Amino acid sequence: MTDQTHQLRGQRPTSLFTDHYELTMLQAALRSGAAHRRSVFEVFTRRLPEGRRYGVLAGTGRLLEGLADFRFADDELAFLDRQGVVDDTTLAWLADFRFSGNIYGYAEGEAYFPQSPVLQVESSFAEACILETYILSILNYDSAVASAASRMTSAAGDRACVEMGSRRINEEAAVAAARAAIIAGFTATSNLEAGIRYGIPTLGTAAHSFTLLHDSERDAFQAQVDALGADTTLLVDTYEVEQGVRTAVAVAGRALRNVRLDSGDLVEQAHWVRQLLDELGNQDTGIMVTSDLDEFAIAYLKSAPVNTYGVGTRLVTGSAAPTASMVYKLVSRQNDDGEWIDVAKASTGKASYGGRKHAARRLNAHGFATAELVGVNQPPATDANDRALMHEFVRDGQIVSGWTGPEAVTRAAQRHRDSLAELPNVVRRLQPGEAALSTFVDGMG
């Protein structure tokens, strides 16, 4: 594991970001002797959120960064011992734990569909078992945010979207949300921690409290321009919007970058504010809108002369789909003779496919996707146009370079752009519908 990865995560181990029962399963498997059996676990979703046509995978890079610190140091072992979570034999095993297996999956930023094997962990049962909660907690949240963000940037078209939801979630989720949003096409974040960890552009100017602090709106605007320069964004709706715009222009002049609207009928306001700015000679001053935006509000604002959308609460809560509903299932394991056995859950409504999966996207002669192909224990039948989807992230416990840190965010954002470009145009519709691509597992839909 690299020093950079440790710096991204800090030195606190990530091993207790897990559920109690992962370790009690480990203890029981060690007792039965089955813990050593080589196993394959896969992450997938059985269905997309209602009405959604695709999902966007995010969080893989964060997962790999955290894997570097997934260990049980003295404090963690003492806690488990003090609470009686596991016995001495299990504590001894945990003290020596370092992940030594392999991890494969879809590239971060890739679109996924029901039954897409977005992540695959191959190791002993013991090693894979204790990673379950950690993996799912990252992929479910980050992918939910990225999926919502993708719908928002698609609705925004060539207009910029800025992530600004840090105050609506906990501090680590805020960093994760900013990172996921950038992957799905947002241009910047208000979160400085996300900026230093991942090289993400950050921005921000002032809130209503800054205006209220000063004796007048003009005094507030003048103080901001004196400190930050005229090329800034002034919030013009603390009092009366028309007077706010006039004051902003009087203070900052034609160099004013944006005025920001945060309340009221944003469509109506944007139209007459644009006209007012033009009349005042500020044709190059843009309009930024905020106020609980989601993909539907952004689409509604398409007719308005808006330049930038600032999105917070709805984005970081997944825009009505706060989880990607991904699961982590054992699909194959070895017996004591070393033979591989396919296994699968058969519960009503929760059945899955056993066997190690291989995935590809079927593309037509024009490079547009027509289906998701999943082969069991062998690659699916493909032709020269099709694109393999599985990549190697970890080999014998060592992270493959390029999948963590700022480089991974840039790479994932490009993957998102390329992935969406090859999908059917139906993915750009916000109306509820079926998944844009059908998934065929071993030739069966």
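Biologist: Why does Asp142 count as buried?

Modeller: This is a predicted model, to begin with. The relative accessibility of Asp142 is 0%. Buried means under 20%, so Asp142 counts as buried. The residue lies in helix H7, which covers residues 132-156.

Biologist: What makes the link between the side chains of Asp142 and Arg62 a polar contact?

Modeller: The distance is 2.8 Å. The cut-off for a pair of N or O atoms is 3.5 Å, so the pair falls within it. Arg62 is also among the contacts of Asp142 that remain once neighbours within four places in sequence are set aside.

Biologist: How is the protein chain divided into domains?

Modeller: Domain 1 takes 20-145 and 321-441, and domain 2 takes 156-316. Their centres, over C-alpha atoms, are 37 Å apart. Each side gives 19 residues to the contact. About 1500 Å² is buried between the two domains, with 65% of that on carbon and sulfur atoms.

Biologist: What makes Arg179 and Glu108 a salt bridge?

Modeller: Their side chains meet at 2.5 Å, N to O. The limit is 4 Å between a side-chain nitrogen of Lys or Arg and a carboxyl oxygen of Asp or Glu. The pair therefore qualifies. Separately, the rule finds one salt bridge across the interface of domain 1 and domain 2. Three residue pairs are in polar contact between these domains, both residues at pLDDT 80 or more.

Biologist: Which elements give two or more residues to the side of domain 1 that touches domain 2?

Modeller: They are helix H3 (60-67), H7 and helix H16 (405-422). H16 supplies the largest share, seven residues.

Biologist: Why is Gln115 called buried?

Modeller: Its relative accessible area is 19%. The label needs a value under 20%, so Gln115 is buried. Gln115 sits in the loop between strand S4 (111-112) and strand S5 (119-124). Its phi is positive, near 75 degrees, and Gln115 is not a glycine.

Biologist: Why is Asp292 called partly exposed?

Modeller: Asp292 has a relative accessible area of 47%. Exposed would need over 50%, and buried under 20%. The value lies in between, so Asp292 is partly exposed. Asp292 is in the loop between strand S10 (286-289) and helix H14 (295-300). Phi is positive here too, at about 50 degrees, in a residue that is not a glycine.

Conventions: Residues numbered from 1 in each chain as written. Predicted model: local features only at pLDDT ≥ 70, side-chain atom pairs only at ≥ 80, totals over all residues. Heavy atoms only, no water. Helix = DSSP H or I, 4+ residues; strand = E, 2+ residues; numbered from the N terminus. Buried < 20%, exposed > 50% of the residue type's maximum accessible area, 1.4 Å probe, protein only. Polar contact = N/O pair within 3.5 Å; in protein donor to acceptor, adjacent residues only side chain to side chain. Contact = heavy atoms within 4.5 Å. Domains from an automatic or database assignment. Buried area = accessible area lost by both parts, 1.4 Å probe.
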